[in-house]
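Notebook open, structure loaded. I'm jotting down what I look up as I go.

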Amino acid sequence: MSFCPFFIDLKDLPIMVVGESHEAYQICKTLVAKEALVTIWTKEISAPLRQLKDEAKDHLSILRAELTPEMAEQILAGKNAPRLLFIAADDPAYGLRLQEIAKQHRVLCQLIGDSQSLLQIGNLVDRGGLSLAVFANDCPELATAIQAEIDEYYSRNWRAAYYKFKELSESFELGKLSPAERSIELGKLARALVKAEGNLEDALGILSGNLEIHEEN
């Protein structure tokens, strides 16, 4: 397999989840938080899933039924097929069958626990607009450990600078520039921040007049 990490806007994206496990619920919870349009096929509706439905409103649909391979063929072949499919089924053979059907119809699918699935979701460090994906094939424990290290490093060295960078990017001064000019000036500040290793004052000193933004006292 040749994997490549990428980010995708999930807002209003139709996604299907299959399974009764806790993993299926967690997947739904994550996707709904990103405002995806999620449909879950499940034979049992747990209390957390029911509560999530109440909170998610129009972003989560629950079908209390088993998705048979025959039904999956019809759905995934249709013009309204989901863009992504997540399978968290207890029966490995059943999960593999659904995954094969998804592959035939070019629907990206992740069978939870299968490192050979076409779709693999890495651990995500999401901090207010800054997203870092951590993926370690066949070793989720390693991905979790690396994620924790990245989170600690970011909190210690970059969090304050990043939020100040966001504040400056939305400032009145930059708002007066054209989109092209704004992009150029933000690029200068970002490069200076990297050079200053996250120290905003040093970054502004490096710019030394190239960016007409001043911090308020």
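I started with helix α8 and listed its buried residues (under 20% relative accessible area; exposed is over 50%, partly exposed in between, with a 1.4 Å probe and protein chains only): they are E185, L186, G187, L189, A192 and L193. This is a predicted model, so I note that local features need pLDDT of at least 70, side-chain atom pairs count only at pLDDT 80 or more, and totals for chains, interfaces and linings use all residues. Residues are numbered from 1 along each chain as its sequence is written, and side-chain values use heavy atoms, with hydrogens and water left out.

What covers those residues of α8? The cover includes α6 (159-169), α7 (172-175) and α9 (200-207), with contact meaning heavy atoms within 4.5 Å. Helices (H or I, at least four residues) and strands (E, at least two) are DSSP runs, numbered from the N terminus. Just after α8, I found E197 with a positive phi of about 55 degrees.

Next, the sheet. Five strands make an open sheet, ordered β3-β2-β1-β4-β5, with parallel pairing; two strands pair if DSSP finds at least two bridges between them. The edges are β3 (60-64) and β5 (108-111), each pairing on one side only. I counted five bridges between β1 (residues 14-18) and β2 (residues 37-42), and P14 sits opposite L37 in β2.

Of its 21 residues, I15, V17, L31, V38, L60 and F86 touch the most other members. Helix α1 gives the most to this core, with six residues. I checked L31: leaving out residues up to four places away in sequence, L31 touches L10, I15, V17, A36, V38 and F86.

Last, salt bridges (a side-chain nitrogen of Lys or Arg within 4 Å of a carboxyl oxygen of Asp or Glu). The structure has six. E44 and R64 meet in one, at 3.4 Å, N to O. R64 is exposed, at 55% relative accessible area.

E152 and R156 meet at 3.6 Å, N to O, and both lie in helix α5 (residues 140-157), four residues apart. My reminder on spacing: an α-helix has 3.6 residues a turn, so residues three or four places apart point the same way. R156 counts as exposed at 53% relative accessibility.

Technical notes:
A nonpolar core is a set of buried Ala, Val, Leu, Ile, Met, Phe, Trp, Tyr and Cys residues joined through side-chain atoms within 4.5 Å.
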